[in-house]
Amino acid sequence: MTYKKTILANGIKIITEHIPHAKSVALGIWVNAGSRDEFEQERGIFHLIEHMIFKGTKTRSATQIAKDLDTLGGFSNAFTTKEQTCFHARVLDHHLKFLTELFSDIFINSLFSEDELELEKAVVLQEISMMEDTHDEYVQILSDQSFWADAPLGRPILGTKETVMSITQAQIFDHVSRFYFSQGVVIAAAGKVNHDLLVDYLKPFFASLPAKRDGIPPRRTPPMNPQISCFPKQIEQVHLCLVAPASSLSGKERFAEAVFSTILGGNMSSRLFQEIREKRGLAYSLYSYASAFADTGLIRIYVATDKDSVSQVLELINSIITDIQQGVLSQRDIDEAKDYLAGGLVLGTESTNTLMMRLAKNEYVFGRYISDDELIREIEGVTLDEVIDTATRMFSAGKVSLTVLGPMERDSLAVDPLFFS
């Protein structure tokens with residue numbers, strides 16, 4: 001492995017990780033802008049921009065862009081998160097020069113035409129409808145809105161049908177000119193990549209990208225708003241989502257939280273999975289995981305179950321967490337969770353796409369390269385007492401939100417576990 005970093009004169013960062021045995025290269029162009037940077041009336045605009053980037057430039061039509069991407073014979077896509085937007089592809093190394101020219105073209109020269117904008121709005125409306133019909137995903141979006149009190153961090157990345165339809169071409173141009181500035185852009189590549197050649201490919205296109213513009217609202221850490229929210233809907237199952245506060249992407253407690261979440265519901269041997277699914281057959285899908293952001297974070301527990309089993313499932317979740325808080329935990333539990341997390345990190349190094357994303361995220365959060373060895377040392381350093389303290393800190397009275405989606409009214413929801421008292 002060889003890590004290299006170049007900062008262009010205008011502030012754009014180009015970072016690479018050369019993997020000698022790889023046959024492909026993953027390239028990502030990242031923008032430090034996401035849904036938490038949107039105002040109320042423009043929710044979904046960054047996700048819409050992500051779609052529109054592929055809809056035509058001065059020299060390529062939307063169809064030609066699609067054909068050029070397919071010609072590369074690899075994988076290409078884009079995504080928007082609450083804090084970043086990424087355009088990425090994975091191709092064989094000899095296609096990298098053409099990929100950089102293509103991505104540079106769509107990133108810098110997109111037309112955002114009125115006709116394509118109206119068509120793509122219709123596509124996004126279909127995406128929103130599909131998301132609302134995907135109940136395990138939708139309940140987690142609803143839980144964000146409840147937990148963050150509808151602050152920007154809690155808003156859905158896709159926006160709403162009303163806000164998406166109201167977005168204009170002028171707003172698109174305004175956001176691109178203000179947020180797609182050089183100092184907010186990170187270009188990351190991992191795999192069979194020559195760093196100096198990649199810089200030579202990219203520099204003619206990106207060297208002229210303007211520096212930071214004024215008018216960008218500062219990100220503010222939102223207050224947490226723990227509550228019980230019920231969204232009645234006539235579907236087969238009740239979807240439950242519990243949320244509690246957690247550390248940020250750079251928080252010192254994040255490693256103990258990762259070990260705790262793994263023990264709680266992070267894999268098939270986790271306590272939630274074993275007690276609720278394997279021993280009692282009360283659910284098919286259930287898990288826990290942490291979502292971290294630049295300045296805050298949360299841990300989420302998701303379960304789908306029958307209406308008649310909701311109270312029992314909630315009581316079991318409470319009992320399992322309480323046991324961990326009271327020290328019903330062994331060093332073997334801790335060691336097994338550490339091994340699971342370390343294994344996932346090492347296996348991730350076999351994917352150039354995973355490595356590319358890790359490079360970019362570490363650059364945004366820490367401004368430097370972080371090796372697997374460093375991360376594994378941090379994980380190995382987590383103690384049993386730290387995991388117990390973490391469970392107590394995260395799941396205590398007045399800190400936990402519960403969101404319910406399914407055939408259930410709020411009045412019929414009997415909830416009295418410890419962390420809601």
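Me: Is Phe 112 buried or exposed, and what is its relative accessible area?
Reply: This is a predicted model, in which local features need pLDDT of at least 70 and side-chain atom pairs count only at pLDDT 80 or more, while totals for chains, interfaces and linings use all residues. Residues are numbered from 1 along each chain as its sequence is written, and side-chain values use heavy atoms, with hydrogens and water left out. A residue is called buried under 20% relative accessible area, exposed over 50% and partly exposed in between, with a 1.4 Å probe and protein chains only. Phe 112 is therefore buried, with a relative accessible area of 6%.

Me: What is the phi of Phe 112, which is not a glycine?
Reply: Most residues other than glycine have a negative phi. Phe 112 is found in the loop between α3 and α4, where helices are DSSP runs of H or I with at least four residues, strands are runs of E with at least two, and both are numbered from the N terminus. Although Phe 112 is not a glycine, its phi is positive, at about 50°.

Me: How many helices and strands are there in the chain, and what is its radius of gyration?
Reply: The chain holds 15 helices and eleven strands. The radius of gyration is taken over C-alpha atoms, and the globule rule is 2.2 Å times the number of residues to the power 0.38. For 421 residues that rule gives 22 Å, and the chain comes close to this, so it is as compact as a globular protein of that length, with a radius of gyration of 23 Å.

Me: What share of the contacts with a separation of 6 or more comes from residues 24 or more positions apart?
Reply: Contact here means heavy atoms within 4.5 Å. As background, buried residues make up 53% of the 421 residues in the chain, and its C-alpha trace spans about 60 × 45 × 40 Å along the principal axes. Among contacts with a separation of 6 or more, the share from residues 24 or more positions apart is 81%.

Me: Which residues does Phe 103 touch, not counting residues up to four places away in sequence?
Reply: Phe 103 lies in helix α3, which covers residues 96-109, and it is buried, with a relative accessible area of 1%. Phe 103 and Leu 27 are 76 residues apart in sequence, yet their C-alpha atoms are 9.5 Å apart in space. Leaving out residues up to four places away in sequence, Phe 103 touches Leu 27, Ile 29, Leu 69, Phe 87, His 88 and Ala 89.

Me: Which residues does His 47 touch, when residues up to four places away in sequence are not counted?
Reply: His 47 belongs to helix α1, residues 45-52, and is buried at a relative accessible area of 4%. Its C-alpha lies 9.6 Å from that of Val 164, although His 47 and Val 164 are 117 residues apart in sequence. With residues up to four places away in sequence set aside, His 47 touches Glu 38, Thr 80, Val 124, Glu 127, Ile 157 and Leu 158.

Me: Which backbone nitrogen lies 2.9 Å from a polar atom of the side chain of Ser 401?
Reply: Ser 401 is found in strand β11, residues 401-406, and is buried, with a relative accessible area of 1%. The polar atom of the Ser 401 side chain lies 2.9 Å from the backbone nitrogen of Gln 227.

Me: What is the relative accessible area of Thr 403?
Reply: Thr 403 is also found in strand β11. Not counting residues up to four places away in sequence, Thr 403 touches several residues, including Val 139, Ser 229, Phe 231 and Cys 241. Thr 403 is buried, and its relative accessible area is 0%.

Me: How far apart are the C-alpha atoms of Leu 119 and Gln 312?
Reply: Leu 119 has its place in helix α4 and is exposed, with a relative accessible area of 55%. Leu 119 and Gln 312 are 193 residues apart along the chain, and their C-alpha atoms are separated by 47 Å.

Definitions and conventions: Polar contact = N/O pair within 3.5 Å; in protein donor to acceptor, adjacent residues only side chain to side chain.
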